[in-house]
Amino acid sequence: MTNSTRTGRHTDEQIAARAVDAISALTSPLQRRPWLLAVGFIRPHLPFIAPEPFWVAAERSPPPLPARTVPPANASLLTGRSLQEGLTEIYGNYGQRLAERRRPRLSAGGGLGRKLAVGYSAAVSFVDSQVGRVVAALDASPAAGDALVALLGDHGWKLGELGGWGKHSLATHDTHVPLLLAGHRQLPAGAAVGTPCSLLDVFPTLIAAAALPPDPSDSALAGRSLLLSAEQGAASRPAPARGGRRLSPRPAPPRQKKPRRHGQASPPRQPRAARVPGRGAATQTPVRTPVRTATGRLHPAWHPSPTLPPRRRVNGSNG
């Protein structure tokens, strides 16, 4: 946690400045093609670094204490451990790489835990001001009435909620992220939609807002446009967003037996490797042989060698 009096030197300030320059170039009269600008800020990621004014404001108005600081009574052992996984990241960022049994338990009400809450609030306010710089530049540009602004995060964060810290659990404090859409004519101002959605919906939303012509690959997109949900308020969602990895592997296809001709004998079985008394079964040891490829470089290929006996034990160790 660091407060700095230097302004204009922070990474997020430099990112915002480059985004403002990009908006000026993309909205110039010479640029008439559709454009997409992706801006990624670092804060409020660890370590919590922000200029001093944001720290002073956060210390004057500290964030409220979490409503529940203990895990649920029916939480499993795995859930309880995952709530504490964030301590490794926190202590690693602040130079306290202690063994797990020696790490002090953080408290949301004081000590390092309270400083983390203040630092997180300062970092959030700082990056919010940088987002404001980018939006102000967009509002002052010719694209102010047509651009769609999507603000989102990649994960949540715990500051003592449920007795946990960081982001390494499946609690809603970690899995819920901010998602704000603004600037488009189809979006009602100040509307909040309680329908569950996914970050997979952002890309189809951008396609719908840009009024791009339909493409055959659109049917394979994971997610759906959120413009209709924003217009209707808490609209129903019949199915969750598609995509991602399967929860279970694909079933293996059934093996088909090759039909055997009448009178054809079965192929002889391969004999097993000979066993050495007290040494286990002898195996075929792969030997790496260089093979020259079409490009002229040597490529290591594996070729099985004849069965080799195990190595003898010399002076109490494998020679």
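A residue is taken as buried when its relative accessible area is under 20%. By this criterion, 26% of the 319 residues of the protein chain are buried in the predicted model. The chain exposes about 23300 Å², of which carbon and sulfur atoms supply 55%. Eight helices and twelve strands are assigned in the protein chain. Among contacts with a separation of 6 or more, 61% are between residues 24 or more positions apart.

The mean pLDDT of the protein chain is 77, and 66% of the residues reach 70 or more. In residues 240-249 the pLDDT is below 50, and this stretch has eleven contacts in the model beyond near neighbours in sequence. The pLDDT is likewise below 50 over residues 312-319, a stretch with seven contacts beyond near neighbours in sequence. Where pLDDT is low, predicted coordinates should not be read in detail.

Nonpolar side chains in soluble globular proteins tend to be buried together. In the present model, the largest nonpolar core comprises 14 residues. Phe-48, Ile-90, Leu-106, Leu-116 and Trp-165 are the members with the most contacts inside this core. Helices α4 (86-93) and α5 (111-139) are the elements that give two or more residues to it. Another core lies apart from the largest one and has eight residues, including Ala-16, Ala-19, Ala-143 and Ala-147.

Four aromatic pairs were found in a search of the whole structure. In one of them, the ring centres of Phe-48 and Tyr-120 are 5.6 Å apart and the ring planes stand at 75°, so the pair is classed as edge-to-face. The two residues are 72 positions apart and link distant parts of the chain: Phe-48 is in the loop between α1 (11-26) and β2 (49-51), and Tyr-120 is in helix α5. Phe-48 has a relative accessibility of 1% and is therefore buried, whereas Tyr-120, at 23%, counts as partly exposed. Phe-48 also pairs with Trp-157; here the ring centres are 6.2 Å apart and the planes are at 75°, so this pair too is edge-to-face. Trp-157 lies in the loop between β3 (149-152) and β4, while Phe-48 lies in the loop between α1 and β2, so the pair ties together parts of the chain 109 residues apart in sequence. Trp-157 is buried, with a relative accessibility of 13%. Together, Phe-48, Tyr-120 and Trp-157 form one aromatic cluster.

Side chains of opposite charge can pair when their charged atoms come close. One salt bridge was found in a search of the whole structure. It joins Asp-174 to Lys-158, with the closest N and O atoms 2.6 Å apart. Asp-174 is buried because its relative accessibility is 4%. Lys-158 is also buried, at a relative accessible area of 0%.

Ala-147, a member of the core of eight residues, is placed in the loop between α5 and β3. Its relative accessibility is 14%, so Ala-147 counts as buried. Neighbours within four places in sequence aside, Ala-147 is in contact with Leu-138, Ala-182, Gly-183 and His-184. The C-alpha atom of Ala-147 is separated by 8.5 Å from that of Ala-210, a residue 63 positions away along the chain.

Helix α7 spans residues 202-209, and its buried residues are Val-202, Pro-204, Thr-205, Ile-207 and Ala-209. Within this helix, Thr-205 has a relative accessibility of 1% and therefore counts as buried. Apart from neighbours within four places in sequence, Thr-205 is in contact with Leu-148, Leu-181, Arg-224, Ser-225, Leu-226 and Leu-227. Just after α7, Ala-211 adopts a positive phi of about 55°.

Note on methods
Residues numbered from 1 in each chain as written. Predicted model: local features only at pLDDT ≥ 70, side-chain atom pairs only at ≥ 80, totals over all residues. Heavy atoms only, no water. Helix = DSSP H or I, 4+ residues; strand = E, 2+ residues; numbered from the N terminus. Buried < 20%, exposed > 50% of the residue type's maximum accessible area, 1.4 Å probe, protein only. Contact = heavy atoms within 4.5 Å. Areas by Shrake-Rupley, 256 points an atom, 1.4 Å probe, with all protein chains shown as cover. pLDDT = per-residue confidence, 0-100. Salt bridge = Lys/Arg side-chain N within 4 Å of Asp/Glu carboxyl O. Core = buried A, V, L, I, M, F, W, Y, C linked by side-chain atoms within 4.5 Å. Phe/Tyr/Trp six-rings, centres within 6.5 Å; stacked < 30°, edge-to-face > 60°.
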